[in-house]
Amino acid sequence: MKNCVENDYKKMVQLSWGGLGLAILGCALFIAGLTLWNWDIAPSVIIWLLLWGTGMALIMKCERIKKEHDLVTYQEILAFKKGEPIDRSNRKSRRARQHRVAKIVAITVIAAAVGGVFGYLYAMFFL
């Protein structure tokens, strides 16, 4: 069992770092393609989408492993890493598991509002 947990944790670390690296590489190549190599927008966007999408897929695999082992808080991930029993009865773990859908909806609405404000300001001042 400990070997399985250790393998899953190593896989989580590799997937998360690989996904982050691909997402950053995609963004860097998008910017470099437009500015340094004078590509049109279409090839830059295609390369960005391929790399960024692959990176996000790797990160989603990491999230599936966390969901499979019911890991929500950082303390739970550390306990999982060490192979210790996970304490889900403490206050932080209980609070993190309450109203998960409402939290996701609220964060999405707030992010959309902030993005809309930035888009509006960009359009006002730069277009």
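Thr73 is buried, at a relative accessible area of 10% (buried means under 20%, with a 1.4 Å probe and protein chains only). This is a predicted model, where local features need pLDDT of at least 70, side-chain atom pairs count only at pLDDT 80 or more, and totals for chains, interfaces and linings use all residues. Residues are numbered from 1 along each chain as its sequence is written, and side-chain values use heavy atoms, leaving out hydrogens and water.

Thr73 sits in the loop between helix H2 (41-68) and helix H3 (74-82); helices here are DSSP runs of H or I with at least four residues, numbered from the N terminus. Leaving aside residues up to four places away in sequence, Thr73 touches Lys92, Ser93 and Ala96, a contact being heavy atoms within 4.5 Å.

Now step back along H2. Its buried residues are Ser44, Leu51, Gly55, Cys62, Ile65 and Lys66. After H2 comes Asp70, with a positive phi near 55°.

Asp70 also lines the largest pocket, together with Glu63, Lys66, Lys67, Leu71, Val72 and Arg100. A pocket is an open set of points on a 1 Å grid over the protein atoms alone, where a 1.4 Å probe fits, with protein on both sides within 12 Å along at least five of seven lines; lining residues have an atom within 4 Å of a point. H2 gives the most to this lining, with three residues.

Lys66 returns in the lining of the second largest pocket, whose other members include Tyr9, Cys62 and Tyr74. Helix H1 (2-35), H2 and H3 each supply at least two residues there.

Definitions and conventions. Buried < 20%, exposed > 50% of the residue type's maximum accessible area, 1.4 Å probe, protein only.
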